[in-house]
Each structure stands twice: as structure tokens, then as C-alpha cells.
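Okay, thanks for coming, everyone.

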Amino acid sequence: MKKIEITTQAIVFKNISELPKEDEMLMRKAIEARKNAYAPYSKFNVGAALLLENNKIVLGNNQENAAYPSGMCAERVAIWNAGSRFPDIKILKLAITASSTISKVNKPVGPCGACRQTLLEFEINQKQPFEILFMGEVGEVVKTESLLSLLPFSFDSAYL
């Protein structure tokens, strides 16, 4: 038996105004997308904004359904939108933000497990990592250099 230690790195900004201008602009786009989320059941609105290599910004927000498994997270809405509209264009950055109509979300909200797996697939396929920024409604913003920072024991096609 051996014990291994896994570490990851992230930069934590005090708030959105501390971000570099390009990151702040992308997060503000995610906030706008969040406002159009359809979340009547969870009351938890999520917005995502992708910056592509061609300088296009692709948005997504969560879309719920009374049959919960039929809904979709903002991150996957955005990334599949980008994949269908710009199939050969690399993703440079992803910004994610979440709010609730029940209480203020003041802690960073990262992507769920299913979204992490989907995002990883895109990172692997484009052979280049992309930055991920995430926050709640207010407060700190976390920035990572790659999806692998959020999913250290990843599963990909190399196992198949």
C-alpha cells in the first residue's frame, strides 16, 4: 500500500471587480445568462459564458424540467451550444455563476460532476486546457487553469 497526495491550485479573487478585465467581462456575461435560467423547481439559477479562440462568447443557463433528470446544467448548455455552432474552435475560458431566489449564494459554485466530465471531454479533444472561473451571486471568484484541477482522477477515452 502507498499513500499519495493530490494537490491542486486555484487563484481566489475577493470579488468580481478584482478579476482581470477580460475575465470580469466574461463573468458579467455569465451573470446576464444566469438571469434567463429556467429554474422554477430548484430556485437555483446558473449562468455560463464561454470565450472561444475566435473571440465569440457562447452563453448557457440551466433549464429545468418537472422530471428533474430531463433538465440541463448551464455549463453543458453552453459547451454543447459552442460545439454545435463552432465545432473546430478552441475554448479559452469558462465563467460560471449561481444565484438562488431562496437565499443569497455567497460562496463559489463549481460545476457538478456530470459537467466536469463533459468539460473534460472538450479539453481533451481540443488538446488544450481552458481556464474555469466560478462564483456564487456575490463574493469570491475561483479561477483554475484547467478542468483537471477540479477532476484529478479523471476518466477519459484512454480507458476504453
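Let's start with Thr118, which sits in helix H3, residues 113-126. When I say helix or strand, I mean DSSP runs numbered from the N terminus: H or I with at least four residues for helices, E with at least two for strands. Thr118 counts as buried because its relative accessibility is 14%. The cut-offs are under 20% relative accessible area for buried, over 50% for exposed and partly exposed in between, with a 1.4 Å probe and protein chains only. Not counting residues up to four places away in sequence, Thr118 touches Arg76, Ile79 and Trp80. Contact here means heavy atoms within 4.5 Å.

Quick housekeeping. This is a predicted model, so local features need pLDDT of at least 70 and side-chain atom pairs count only at pLDDT 80 or more, while totals for chains, interfaces and linings use all residues. Residues are numbered from 1 along each chain as its sequence is written, and side-chain values use heavy atoms, with hydrogens and water left out.

Two strands pair if DSSP finds at least two bridges between them.

Let's zoom in on strand S6, residues 141-144. S6 pairs with S1 in the antiparallel sense over three bridges, and with S5, also antiparallel, over four bridges. Val141 in S6 is the bridge partner of Phe13, and Val141 is the bridge partner of Met135 as well. S5 and S6 form a hairpin with five residues between them, and Gly139 in the turn has a positive phi of about 95°.

In a regular strand, side chains alternate between the two faces of the sheet. For S6, both faces are covered: Val141 and Lys143 on one side, Val142 and Thr144 on the other, all buried.

So what about Met135? Met135 is in strand S5, residues 131-135, and counts as buried because its relative accessibility is 2%. Leaving aside neighbours within four places in sequence, Met135 has contacts including Ile16, Met27, Ile96, Pro108 and Val141. Its C-alpha is 7.4 Å from that of Gly110, 25 residues apart along the chain.

Then there's Leu19, in the loop between S1 and helix H1 (21-34). Is Leu19 buried or exposed? Buried, because its relative accessibility is 4%. Setting aside neighbours within four places in sequence, Leu19 is in contact with Phe13, Glu24, Met27, Leu133 and Val141.

Last stop, the outside. Ile4 is in the segment before strand S1 (11-13), and Ile4 counts as exposed because its relative accessible area is 51%.
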